[in-house]
Amino acid sequence: MGLSIRNRSDVGKIKRLIGVLPQEFSAVDNLTVYENVLLAAAAKGVGRGFRDLLEGLGLWEVRGRLFSKLSGGMKRKVGLAMALVGDPEVVFLDEPTTGLDPQARRETWRYLLGLRREGRTIILTTHYMEEAERLSDRVAIMVNGRIALIGRVPDLVAQSPVKARLIIDELDETLSQELQSSCLKPERLPDGRWAVAVREGAELQGVLSLLERHGLRGLFEVRASGLEDVFLSTVGSRISERGDLV
Amino acid sequence: MKAMLALTVLLFRNWLRSKVALFFGILFPIMLFLVFGSVFGSPQPPSYNIYVRNLDVDSDGHPYPLSEALVKILNSTVFEVKLLEAGETPRQSGFTPTRILTIPYGFTDNLLKNAIAVRLNVTADTIVRMVEVAGEGIPSADRERAMRGVEELKKVEQALNVSPVVVMLEGGLDDRLLQPIEVIIRNILAEFEHSLLNASSIIELDTRISNTRQLRAVDYYLPGYIAAFVMTNGLIGVSSVVSDFRRRGVVKFLATTSISKQAWILSLMVVQTVAAVVLTGVMIAVGWLVFSIRALPDPLSFLIILMGVAAFTSLGILLGSVLKEADAVSAASNLLAFPQMFISGAFWPIELMPTYMQQLAQYTPLYHFHNALRYALVLSSPEQAVASIMIVIGITVAATLLAILGTRWRDF
């Protein structure tokens, strides 16, 4: 587009091209769903033709309801509608599904995938790796405010040193020591289970034999490497539900 | 412009649906205006409570005629008389001051004797003066007879054995109204005494009611309350809205759109202007209906209100934009608003306050705002408040600039 945020004269043009959903955004309590979206439309200088948008997000039926009376998921959708009103060419969504229940999250994903199919550019920030994997064409992993890694998801996963991950229900002291003696470091997962990252086929075979010797047949699962492994190997730590590195 | 108009309408709806804003912005000032106006600004004459202990009664407890007449006269003036039995003490009720007027036993009898003695004295005195003035014009035999008559009159007066009639007024040390009440009672007693002697008044007081409207307390309250609540709506109301919108990310969201910072500030000012116009209209209507106030805002009054709205809304925007925590915004806005309400003389004339507070009042923006508004709206003589008007203009310009500078609009 040839515009730069550093150039003051471009700022106005950029603002007309973009739609933004700030992090933890919450619209005006004393306005209805319709009025909040109208507020966004007025601020962007666009008309009232946003019925399709509200219908697409499942908000048309509740358009007359005060924002304060909506559920958390509905509130997040209102924010999304405010960002998308006026059909901006580029949409910035800062954690649009944080705090949503799984169903609302999947509905939002469906809507965003529809926008992607229409050719809309969406820049989405998330700490849900599954979300990034499902929605994105390209992913950038940021560490301390800088892009550490950028690329298409399959390419990044293919480049990852971790080929698979073994999820073990229980881990006793002996097994833990044996894994560590093979240079494998078990990691405790938030659900209480243990994860062991393996880098090559031979290593995977070795761990499987070890688990069978310890009588754990059927008590583990093997997961193919994914974006989370890429993230972990890039950042070197795990991310919490709140988005913090732990 | 269209975007700003739509934003203003939506912000106004938000304000209208906020019960707190409506209560503190419109209902609360009207309630205060009605209460304070009724208490201090009523056209009804004042009424003072006084207990009367009438000891001048016969053996059956019936009052003698003159003491009974005095009680009736007291009751027909500014006093609300409550009678006490001998030995009875009034029941203390909160902060109501207790004043007791005791009419002594023998009041009627003594007063009659005193009245006769005074008349005898006047008669004797008149004869003596007449004889002195006439001198040799009166035969000496007649002069001697006249002087003997005077001596007889004096003997009768002595035989009456009169003593002063003492009516006792008791009151508390902290009763600030006791002194004027004492003056009123003295006047009533003097008139009573005068009537008893059947003497005609030499000096008369001619009271005339002019057509010129005098300012009452309620006239003072009207511009004071409008100014005070325009200030609180701006400082406290707007700062909390801006702070809330910032916390929710609404300000950040608006900053990412093509609407300008100036349009955002102007929208908030327009909403507050509408609120101030509503408040002024309702206050004037209530004042007209309840207190017969005849204030009609002229263009200058409206302009002063507009400037006050702009000044205090801007300060509210500044606080809401600069301070990060909602608690800090609330504390700072209350800290700025409440002392001004009481120090600036918005609720009572600053002449009632100590000198140092009067000087302090003149450093508050609210003082100049309500002062300018009072001269324009109620006194129709804004030329007497030029300094205040200029100061309000200065504050408006400075506060608006500060609001524009203090609002971050590109922090996305």
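Buried means under 20% relative accessible area, exposed means over 50%, and partly exposed lies in between. The model used here is predicted.

**Exercise 1.** Classify B:Asp244 and B:Arg247 as buried, partly exposed or exposed, and find what joins them.

*Solution.*
- Step 1. B:Asp244 has a relative accessible area of 24%, so this residue is partly exposed.
- Step 2. B:Arg247 has 58%, so this residue is exposed.
- Step 3. The two form a salt bridge, with their closest N and O atoms 2.7 Å apart.
- Step 4. They sit 3 residues apart in helix 7 of chain B, so about one helical turn separates them.

**Exercise 2.** Trace the salt bridge of A:Asp29 and the network that A:Asp29 belongs to.

*Solution.*
- Step 1. The side chain of A:Asp29 meets that of B:Arg248 in a salt bridge (2.4 Å, N to O).
- Step 2. This pair crosses between chains: A:Asp29 is in the loop between strand 1 and helix 2 of chain A, and B:Arg248 is in helix 7 of chain B.
- Step 3. A:Asp29, at 25% relative accessibility, is partly exposed. B:Arg248, at 7%, is buried.
- Step 4. Salt bridges link A:Asp29, B:Asp244, B:Arg247 and B:Arg248 in a network.

**Exercise 3.** Work out how the buried residues of helix 3 of chain B are arranged, and what they pack against.

*Solution.*
- Step 1. List the buried residues: B:Leu66, B:Ser67, B:Leu70, B:Val71 and B:Leu74.
- Step 2. Down the helix axis they fall within an arc of 140°, so they line one face of helix 3.
- Step 3. On the other side, B:Pro65 and B:Lys72 are exposed.
- Step 4. The buried residues pack against strands 1, 2 and 3 and helices 4 and 6 of chain B.

Terms used: Residues numbered from 1 in each chain as written. Chains lettered and ligands numbered in written order. Predicted model: local features only at pLDDT ≥ 70, side-chain atom pairs only at ≥ 80, totals over all residues. Heavy atoms only, no water. Buried < 20%, exposed > 50% of the residue type's maximum accessible area, 1.4 Å probe, protein only. Helix = DSSP H or I, 4+ residues; strand = E, 2+ residues; numbered from the N terminus. Arc of directions from axis to C-beta. Contact = heavy atoms within 4.5 Å. Salt bridge = Lys/Arg side-chain N within 4 Å of Asp/Glu carboxyl O.
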